[in-house]
Every structure is written in C-alpha cells, then in structure tokens.
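Subject: Structure handover

Hello,

Here is the structure for you to look through. My notes on it follow below.

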Amino acid sequence: RRPLIGTLEETVKQHVVEVGRDKVTLRLEAVLPGHEYRINSLKWKPRQHAENADNADGDKHTGSGTLLSASVDKTLQLWEASEEDGVWVTAVRVGDLGGQPGALGYYGGLFG
C-alpha cells in the first residue's frame, strides 16, 4: 500500500481474467475523483495516431487517450491524463451539477 493524500490509500492489485481463450491482466491504474455518486458506465477512446509527430518516447501518438464516465449524479465527464504527471483530470463535465441521490442519472455515454 502506498499512501496518497491524507488517509486515502491506493492498493495496487492485479487480477487475471479469462475471456474466451485469452487471459487479460487488470490492475488499478488511477482513481477518478469528481463524481458525486457512483459511475454507471466508463468508455475508453484510445489515443490518436499522429502521422509526423514523435513524442519523447519515439512513438507516433498524441496523448494517452480519453475516458468518458456516466454517473448517477446526472453528469458525463471526459477525462484526460495530465502531460506533466499522468494524473487523470476532468477535461469536460456536462449535466446537472449537484444531481440528487436516488435520481436515475446517466447510464451510459458514447464517443461520436
């Protein structure tokens, strides 16, 4: 366990899951603070390829991708990793701020 902020702790634990004939390893990559209630859906959009731009690692990618979360708190949030330290931060937040608990909220979102 590694202490993060105050009493908040992160436990990095890997899980191996079998999907058909494949084995997939899952682990906690980041905590996404920002929703007031539970997240119902999380979608991933991989980073985009850039034809002529190399990053510091020599890869032809821009950014780390984008996450879209949909929550019971009636908000959708787009998350991007900070270029400085890799911490995931909210890039865009839409919906009803201060949504009421017990409300239906959003059950999903899609990238267009």
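Is Glu-36 buried, partly exposed or exposed? Glu-36 counts as partly exposed, because its relative accessibility is 41% and that class lies between under 20% for buried and over 50% for exposed. Please keep in mind that this is a predicted model.

Salt bridge

The structure holds 1 salt bridge. Its partners are Glu-36 and Arg-93, whose closest N and O atoms are 3.8 Å apart. Glu-36 sits in the loop between strand E4 (22-27) and strand E5 (39-45), while Arg-93 belongs to strand E10 (residues 88-95), so the pair ties together parts that are 57 residues apart in sequence. Arg-93 has a relative accessible area of 31% and is therefore partly exposed.

Ser-69

The other residue I looked at is Ser-69, which is found in strand E8 (residues 66-71). Ser-69 has a relative accessible area of 0%, so Ser-69 is buried; the cut-off for buried is under 20%.

The side chain of Ser-69 makes a polar contact of 2.7 Å with that of His-35. A polar contact of 2.8 Å also links the side chains of Ser-69 and Trp-79.

Which residues is Ser-69 in contact with, leaving aside its neighbours within four places in sequence? They are His-35, Ile-39, Ser-41, Leu-42, Thr-75, Leu-76, Gln-77 and Trp-79.

Regards

Notes:
Residues are numbered from 1 along each chain as its sequence is written. This is a predicted model: local features need pLDDT of at least 70, side-chain atom pairs count only at pLDDT 80 or more; totals for chains, interfaces and linings use all residues. Side-chain values use heavy atoms; hydrogens and water are left out. A salt bridge is a side-chain nitrogen of Lys or Arg within 4 Å of a carboxyl oxygen of Asp or Glu. Helices (H or I, at least four residues) and strands (E, at least two) are DSSP runs, numbered from the N terminus. Buried means under 20% relative accessible area, exposed over 50%, partly exposed in between (1.4 Å probe, protein chains only). A polar contact is a pair of N or O atoms within 3.5 Å; within protein, one must be able to donate a hydrogen and the other to accept it, and residues adjacent in sequence count only if both atoms are side-chain atoms. Contact means heavy atoms within 4.5 Å.
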